[in-house]
Amino acid sequence: MNPSRTQRHCFALDLKDHPAVIDAYKHWHRPGGPPAEVTRSLRDSGIASLDIYLIGNRLFMIMDCDPAAPSHARSTDAPDNPHVRAWEALMAELQQELPFPKRPSDMGKWRLLEHIYSLADQP
């Protein structure tokens with residue numbers, strides 16, 4: 001996949017605000033933490049790269065996707081994959097939704113961030 005031909009999507013979500021929850025989330029996202037089937041599902045759905053950042057209990061996810069992949073393929077809802085469903089159920093125990101209304105562009109509990117600035121666009 002050509003990195004210059006990807007679409008970037010940035011999302012935000014909160015964890016439950018408790019040190020043990022935040023530690024558990026970080027533990028589950030360490031290298032080798034997510035089940036291999038979940039990682040494979042992300043790659044197979046057209047996601048070229050995915051990074052999650054944390055400050056306090058707020059998460060930011062930056063995802064670069066193949067624009068040819070259908071948007072529903074990048075959804076966290078994978079009813080046909082029991083490994084992804086189990087992973088999502090585990091993560092749901094640690095996460096809480098942001099206090100903003102849902103929009104069609106959101107991905108499950110993750111809220112799509114509005115892109116408002118790019119250095120590349122500046123004169």
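Predicted model: local features only at pLDDT ≥ 70, side-chain atom pairs only at ≥ 80, totals over all residues.
Glu 97 sits in the loop that runs between strand 4 and strand 5. With a relative accessible area of 38%, Glu 97 counts as partly exposed. Leaving out residues up to four places away in sequence, Glu 97 touches Leu 13, Lys 102, Lys 109 and Arg 111. Glu 97 and Leu 15 are 82 residues apart in sequence, yet their C-alpha atoms are 8.1 Å apart in space.

The partner to follow from here is Arg 111, whose side chain makes a polar contact of 2.9 Å with the side chain of Glu 97. Arg 111 belongs to strand 5, which covers residues 111-112. Is Arg 111 buried or exposed? Its relative accessible area is 5%, and Arg 111 is therefore buried, the cut-off for that class being under 20%. A polar atom of the Arg 111 side chain also lies 3.2 Å from the backbone oxygen of Lys 109. Beyond four places in sequence, the residues that Arg 111 touches include Cys 10, Phe 11 and Ala 12, as well as Leu 98, Phe 100 and Asp 106.

Not counting residues up to four places away in sequence, Trp 110 touches Phe 11, Ala 12, Leu 13, Tyr 25, Ile 52, Leu 59, Phe 60, Met 61 and Gln 95.

Helix 3 has Val 84, Trp 87 and Met 91 as its buried residues. These residues lie on the same side of helix 3, because they cover an arc of only 60 degrees around the axis. They pack against helix 1, helix 2 (36-44) and strand 4 (95-96). At the start of helix 3, a side-chain oxygen of Asn 81 comes to within 2.9 Å of the backbone nitrogen of His 83.

How many aromatic pairs does a search of the whole structure find? The search finds 1, formed by Trp 28 and Trp 87 in an edge-to-face arrangement, with 6.0 Å centre to centre and 80 degrees between the planes. Since Trp 28 lies in helix 1 and Trp 87 in helix 3, the pair ties together parts that are 59 residues apart in sequence.

Arg 5 is found in the segment before strand 1. Apart from neighbours within four places in sequence, Arg 5 is in contact with Cys 65 and Pro 67. Arg 5 and Pro 67 are 62 residues apart in sequence, while the distance between their C-alpha atoms is 7.3 Å.

The table gives the accessibility of residues discussed above.

| Residue | Relative accessible area | Class |
|---|---|---|
| Arg 5 | 60% | exposed |
| Trp 28 | 31% | partly exposed |
| Trp 87 | 8% | buried |
| Glu 97 | 38% | partly exposed |
| Arg 111 | 5% | buried |

Key: Residues numbered from 1 in each chain as written. Heavy atoms only, no water. Contact = heavy atoms within 4.5 Å. Buried < 20%, exposed > 50% of the residue type's maximum accessible area, 1.4 Å probe, protein only. Helix = DSSP H or I, 4+ residues; strand = E, 2+ residues; numbered from the N terminus. Arc of directions from axis to C-beta. Polar contact = N/O pair within 3.5 Å; in protein donor to acceptor, adjacent residues only side chain to side chain. Phe/Tyr/Trp six-rings, centres within 6.5 Å; stacked < 30°, edge-to-face > 60°.
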